[in-house]
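Here is a short briefing on one protein chain fold. Keep the structure open as you read.

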Amino acid sequence: MAPANKGADPDQGGEKSQNGASGEAQGARFPVARHDHAACVSDALAHSDALCRERSLRLTPNRRQVLEALVADHKPLSAYDIADRIDWQGRRGGPVQVYRALRFFEDLGLVHRIESLNAFVACSHYEEDHGAQFLVCTDCGRVAEASDRGVKREIGKLARQAGFEVHDPVIEIRGLCPDCGGTR
Ligand SMILES: [Zn+2]
Ligand SMILES: [Zn+2]
Ligand SMILES: [Zn+2]
């Protein structure tokens, strides 16, 4: 008997969503207005389910709801925004619980902090150990994540020349997305 589909297959459903779950799509893309966003959400949840199971970690209701709130749209959200969007259903919940959950997902590489916005965004590249570059639209606030190996390599080169040890290779690039005056 084939086991029930528990959403553990990372190759499933990657094409339909904006999250680019397929392996080699490393470029940054802003989500187009009409896309199968339900697939984005289910991809993200399936991926975190699989990762938690693989590492024997628990996707508690709080954690799950934080991730759901974060992937509900493609904009980075602050912990306060996220806390506001969650129906805590009688559980004790607020920014503290949200921060705790966000840290959990950050450690797993499923959530990134956008320092310049003091906000968080769900990862849209499901491969391990990626150096991320974020294109941040200063108009609509959306963010597109890229994971370009060439950029990562150049950062490594720069750092080596300076005798510098890189701890966080994340780059945030500000500008306008295609919907706000960038080019298509
Ligand atoms: Zn989407
Ligand atoms: Zn990422
Ligand atoms: Zn924009």
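This is a predicted model: local features need pLDDT of at least 70, side-chain atom pairs count only at pLDDT 80 or more; totals for chains, interfaces and linings use all residues.

Residues are numbered from 1 along each chain as its sequence is written, while chains are lettered from A and ligands numbered from 1 in the order in which they are written.

**Overall layout**

- The protein has five helices and five strands. Helices (H or I, at least four residues) and strands (E, at least two) are DSSP runs, numbered from the N terminus.
- Along the sequence, the pattern reads α-α-α-α-β-β-β-β-α-β.
- Of the 184 residues, 29% are buried. Buried means that 20 or more other C-beta atoms lie within 10 Å of the residue's own, with C-beta atoms placed from the backbone.
- Take the contacts with a separation of 6 or more: 53% of them join residues 24 or more positions apart. A contact means two C-beta atoms, placed from the backbone, within 7 Å.

**Helix α1**

- Helix α1 covers residues 37-54. At 1.5 Å a residue, its 18 residues should span 26 Å, and the end C-alpha atoms are 26 Å apart, which agrees. The expected span is 1.5 Å times one less than the number of residues.
- C40, D43, A44, A46, H47 and S48 of α1 are buried.
- The cover over these buried residues includes α2 (61-71) and β2 (119-122).
- S56 follows α1 and has a positive phi, near 55°.

**Strand β3**

- All five of the five residues of β3 (residues 133-137) are buried, so the strand is largely enclosed by the rest of the structure.
- In a regular strand the side chains alternate between the two faces of the sheet. On one side of β3 lie Q133, L135 and C137; on the other lie F134 and V136.
- β3 runs antiparallel to β4 (residues 143-146), joined by four bridges. Strands pair if DSSP finds at least two bridges between them.
- V136 stands opposite V143 in β4.
- Five residues separate the strands of this hairpin, where G141 has a positive phi near 85°.
- β3 runs parallel to β5 (residues 171-175), joined by five bridges. F134 has E172 as its bridge partner there.

**Nonpolar core**

- The largest nonpolar core has 32 residues, and V66, L70, L102, V111 and A122 touch the most other members. Such a core is a set of buried Ala, Val, Leu, Ile, Met, Phe, Trp, Tyr and Cys residues joined through C-beta atoms within 7 Å.
- Elements giving two or more residues to this core include α1, α2, β1 (111-114) and β3.

How values were computed: A residue is buried if 20 or more other C-beta atoms lie within 10 Å of its own, exposed if 12 or fewer, and partly exposed in between; C-beta atoms are placed from the backbone.
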